[in-house]
Structure formats: structure tokens, C-alpha cells
Amino acid sequence: MLKSFLDLFLKPNCPLCQRPAEKELCFYCEKQLKQFENSSAEIFWQGDLPVFIWGNYDGLLKRAIAALKYDKKVNLGELFGYWLGEKWLSSSISKQSKNLIIVPIPLHEQKLKIRGFNQAEIIAKGFCQITRYPLKANGLKRVKNTEALFGLNLQERQKEIKEALILGKDFQQKLPNYPVLLLDDIYTTGTTVKEAKKVLEKHNIKVIGVVALASTKK
Ligand SMILES: [Zn+2]
């Protein structure tokens with residue numbers, strides 16, 4: 001009796017609703033979040049830069065990503081990385097590409113200092129634990145503190161992201177033996193990941209595509 005009473009207080013609360021939770025999330029929020037999962041993550045796996053997307057950037061998933069980034073709920077990021085990794089492993093694409101290197105889209109140092117972590121890197125950690133791919137968190141470096149690309153038109157976005165990324169220290173000494181799979185938290189216009197691909201390919205590193213937790217793309 002006393003033990004179960006204490007357990008109630010010792011359990012961390014769900015970061016999204018503050019109710020007691022057995023795991024990272026309470027049963028209710030986990031169930032709600034899974035409703036944003038795409039039935040097929042592979043429909044955008046085509047073209048110049050194929051994209052693999054876990055879920056729809058809306059509702060509680062949108063709120064959960066904000067909680068990760070701004071309320072620093074880092075555990076959520078790893079959990080999302082597991083979900084993304086599980087979905088990737090169950091896809092037919094993963095069976096065709098066994099050896100990959102994961103490179104998260106980097107934040108600029110100034111943003112990193114304010115936030116304390118790069119959410120894409122945290123998701124990538126979870127993703128790599130499940131998939132066993134090596135993680136190269138410094139495969140790319142962001143040398144320009146770009147403004148939010150969201151409200152800009154295509155030309156403005158391209159201008160803003162131009163020369164914002166360079167090859168990071170992980171690849172400066174030795175180029176990777178395997179193709180790179182880029183990872184980002186949210187995929188919107190694709191401007192940043194296209195630039196990332198361009199930078200890596202300039203150094204003869206093959207990029208097979210992007211995995212993202214959520215996207216506005218439908
Ligand atoms: Zn909850």
C-alpha cells in the first residue's frame with residue numbers, strides 16, 4: 001500500500017499532460033500521438049532527394065515537438081527517434097540499404113547555446129540505437145545563423161540557406177565509406193536538406209535521402 005502510494009509520487013509525469021506516466025509518455029498521450037503516424041512513410045521516397053516521414057506535423061505531434069525544443073523535454077526526442085527507427089526498419093527501403101551513416105541537420109552554435117541541444121541530433125541518437133547505423137553528429141556544420149525559412153518565399157529561402165552549411169569535422173579527415181541518410185525533426189520546404197545534400201555531394205559523399213519525424217507535406 002505504502003509502496004504503491006510512493007510510486008505515484010516518484011513516477012515522472014507525462015511531459016505533455018502532466019499525468020503520472022509509466023514510460024516517457026502516459027498511455028493516453030502515446031495513443032494520441034500515434035494517430036499522427038503516417039500509414040505509409042514511403043510515398044515521398046522518390047525524386048532527387050527522397051524523403052521518409054514518420055508523421056503529420058499537426059495537433060499533439062506539433063505540440064510534442066515544441067515541448068522537446070522549447071521545454072527541453074529531451075527524452076521525447078529519443079523516443080521519437082525510436083519510433084522513426086522502427087518505422088524505417090519495417091520499410092522495404094531499409095532492406096535495400098543496409099549500410100548507412102546518419103547525419104542530423106546541425107544548428108548554428110548560437111542557437112545551440114540558447115537551446116542547449118540539437119533536437120535533430122537527439123532524434124538521431126534514438127534512431128541509431130534502433131537501427132544500429134553509425135551517427136555522425138558533426139558530419140555537417142552550420143556556419144550561418146539563418147533566420148526561420150518558414151515565412152520566406154522560395155528565392156528568399158535559397159538565398160538565406162546559401163553557404164549556411166559546410167562539411168563538418170567528422171568528415172574532414174576521412175570521408176565516409178557508406179552513403180549518408182540525413183535526419184531532421186521537421187520537413188517543410190526541403191530547402192535546408194537540399195543544401196545539405198549539395199554540400200556533401202560536393203565532397204563526393206553520396207546522400208540517399210532524408211528521414212524526418214514530421215512533415216506538413218501531404
Ligand atoms: Zn500525457
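This is a predicted model: local features need pLDDT of at least 70, side-chain atom pairs count only at pLDDT 80 or more; totals for chains, interfaces and linings use all residues.
Local features were taken at pLDDT of at least 70 and side-chain atom pairs only at pLDDT 80 or more, whereas totals for chains, interfaces and linings use all residues. Residues are numbered from 1 along each chain as its sequence is written, and side-chain values use heavy atoms, with hydrogens and water left out.

An open, parallel sheet is formed by 4 strands in the order β1-β6-β5-β2, where strands are DSSP runs (E, at least two residues; helices, H or I, at least four) numbered from the N terminus, and pairing requires at least two DSSP bridges. Because β1 (51-56) and β2 (101-104) stand at the edges with a single partner strand each, one side of each is left without a neighbour in the sheet. The twist from one strand to the next averages 20°, with angles running from 0 to 180 degrees between N-to-C directions of axes fitted to C-alpha atoms, for helices over the stretch in contact. Strand β2 is joined to the parallel β5 (residues 180-187) by 4 bridges, and Pro104 has Leu183 of β5 as its bridge partner. Helix α7 (residues 119-131) packs on the sheet, touching β2, β5 and β6 (207-215), at about 125° to β5 (contact: heavy atoms within 4.5 Å).

The automatic or database assignment gives domain 1 (1-34) and domain 2 (39-215). About 930 Å² is buried between domain 1 and domain 2, 81% of it from carbon and sulfur atoms (accessible area, 1.4 Å probe, lost on being put together, summed over both parts). In domain 1, Leu16, Glu24 and Leu33 lose the most area to domain 2, together 59% of what that side buries.

Definitions and conventions: Buried area is the accessible area (1.4 Å probe) that two parts lose on being put together, summed over both.
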